[in-house]
Each structure stands twice: as structure tokens, then as C-alpha cells.
Amino acid sequence: VIGVASVAAASVIGEGIDQIIHLPNLSIIFLMGVLVAAVYGGLTSALLASALSTLAYNFLFIEPRYTLTVAEPYEVFALVAYLCAAVLTGSLAARSRERAKAARSRAAAMQALYDFSRKLSGTTNIEEVLWAAVTQLQSGLKKNVLLLLPVDGDLKTLAAWPPDTEPDVADLTAARWAHEKREYAGHGTGTLPNSRFHFRPLMSPHGVVGVCGVELAEETLNPTDERMLTAILDQTAVAI
């Protein structure tokens, strides 16, 4: 949608400029449209905008107008050169966009770890540790989170955020497996993948102290969220 809209806008602007003053080359207008598509839509949008803008520029501004026919051989070369420039420019802009997005994501993850460390420093009992962990994880991952610890020989949900988050029978089975086998279980794993939650054991120097569940549904964690989750769980296990 962004790619098509940017080319449509470039076409309208180009037509408007052409009605006021005749310029020998309006391809720069379409190149700006490709840049907009790359910045706001990413690589796929930029590539689509490059192809569509080449056709639109040919159709609207290359003689004979309002056809896809090219009268002069040098215009064919100009179109090919424009297409190459548009693809290259769009690709570079999209890559810069992804790098900026990744940098913001890493900065947010670092801030989350700093905030969690600060919260842990003020905790005085295990209940405060658990609530600090689930609220921080839910804030960072934007997914439901619960923590289960062994109580009287069985796992119990001692903290969850939002508070009404409850595991069902399949979820509890996956949580027990993660606790007993010391390995991941539930969604996204080979063990009980039908569970809504992805469970990880909380490993401390003294062994497994509990299990964390993150409700992923049909999603998976990106590398930045993965690193943040691992770091927070490590700190939580040590604190417990």
C-alpha cells in the first residue's frame, strides 16, 4: 500500500509541475517516492515502488505519452538507468531504516535490563522479585507472562501479568516438563507445542528454582527480545 501510494503521489505531483513548467526530467520526483516507500514501508515496498515508478514515468512523461512505447532509443537507456538507480537507492534507504530500527530495539532492551536491575536492588522478599520480573517482561515483550515456582512438590503460579493470566492443563504439563527436564517446553518447541505458552526453566547455581511462561500464540521472539528475556530470567533466578 505504501509503495503504490508513494508512486501515485509522485505521479500527481509530477503532472502538476508539468502543467506549470516544463522540465526536461521529472524522474527525481519518482525517486523521492521510492525513498518515501523505503523509509516507511521497507525493502519490499521500495522494490515495488521502483518498478511502478518506472512504468508510471514512462507512461506519463516519455514520448509518446500515455503509452508504454518508447520513441527514442536513448529513452530506453534512461529508463533502465532510472530503474537501477531507484532499486539501489530504495535498497540503501530500506537497509538504513532496518538498522535504525534494530538500534532502537537494542537501546530499549538495554533500558529494560537497567530498569529491572534497579527494581531488584530494592526488593526485600521473593514476592517482590517475582512481581518485578513479570511486570518488566510484560512491558518489554508486550506479551502475557507468568512465573511458576515449586510449592509443596508441585508448580504453582505465584506471579502473572496481567494478573488474570492463567495456564490451562496443557500449559501446566509443559511447565512441569520444563521444570523437571531443565529444558524449553511448550509453544515453539518439540515438547507439547500446542501449549499457548513458551516455558523456560529458571536456572540458578543451586539448580532449577522455577519456570517462566511467555504467551506467544503463533508468534516467535525476535533476537533482541530473546536476549532481553534470557538476561532478565538469569537475574530473576539468581535473585530467587
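## Basis and helix α2

Helices (H or I, at least four residues) and strands (E, at least two) are DSSP runs, numbered from the N terminus. The model is predicted: local features need pLDDT of at least 70 and side-chain atom pairs count only at pLDDT 80 or more, while totals for chains, interfaces and linings use all residues. Residues are numbered from 1 along each chain as its sequence is written, and side-chain values use heavy atoms, with hydrogens and water left out.

Helix α2 (residues 27-41) has 15 residues and reaches 21 Å from its first C-alpha to its last. This is close to the expected 21 Å at 1.5 Å a residue, where the expected span is 1.5 Å times one less than the number of residues. Glycine 42 follows α2 and has a positive phi, near 95 degrees.

The buried residues of α2 are Ser27, Ile29, Phe30, Leu31, Gly33, Val34, Ala37 and Ala38. What covers them includes α1 (2-20), α3 and α4 (73-121).

## Aromatic rings

Rings of Phe, Tyr and Trp (its six-membered ring) pair if their centres lie within 6.5 Å; planes under 30 degrees apart count as stacked, over 60 as edge-to-face and the rest as tilted. The whole structure holds 7 aromatic pairs. In one of them, the ring centres of tyrosine 57 and phenylalanine 61 are 6.2 Å apart and the planes lie at 40 degrees, so the pair is tilted. These two residues are 4 apart in helix α3 (residues 43-61), which separates them by about one helical turn. Both tyrosine 57 and phenylalanine 61 are buried. The ring centres of phenylalanine 59 and tyrosine 66 are 6.0 Å apart with planes at 75 degrees, so this pair is edge-to-face.

Phenylalanine 59 counts as partly exposed because its relative accessibility is 34%; tyrosine 66, at 46%, is also partly exposed. Phe30, Tyr57, Phe61 and Tyr82 form one aromatic cluster.

Most residues other than glycine have a negative phi, and most peptide bonds are trans. A cis peptide bond joins glutamate 63 to proline 64, with omega about -10 degrees; proline 64 lies in the loop between α3 and α4. The bond from tryptophan 161 to proline 162 is cis as well, with omega near 0 degrees, and proline 162 is in the loop between β2 (154-161) and α6 (169-181).

Lysine 142 is not a glycine, yet has a positive phi of about 60 degrees. Its place is the loop between α5 (126-141) and β1 (145-151), and it counts as exposed because its relative accessibility is 63%.

## The sheet and its helices

Two strands pair if DSSP finds at least two bridges between them. An open sheet of 5 strands has the order β2-β1-β5-β4-β3, with antiparallel pairing. Its edge strands, β2 and β3, each pair on one side only. Strand β5 (residues 207-215) runs antiparallel to β1, and 4 bridges join the two.

Contact means heavy atoms within 4.5 Å. Axes are lines fitted to C-alpha atoms, for helices over the stretch in contact, and angles run from 0 to 180 degrees between N-to-C directions. Helix α5 packs on the sheet, touching β1, β2 and β5, and its direction makes about 55 degrees with that of β2. Helix α7 (residues 223-239) also packs on the sheet, touching β4 (197-204) and β5, at about 45 degrees to the direction of β4.

Notes
Buried < 20%, exposed > 50% of the residue type's maximum accessible area, 1.4 Å probe, protein only.
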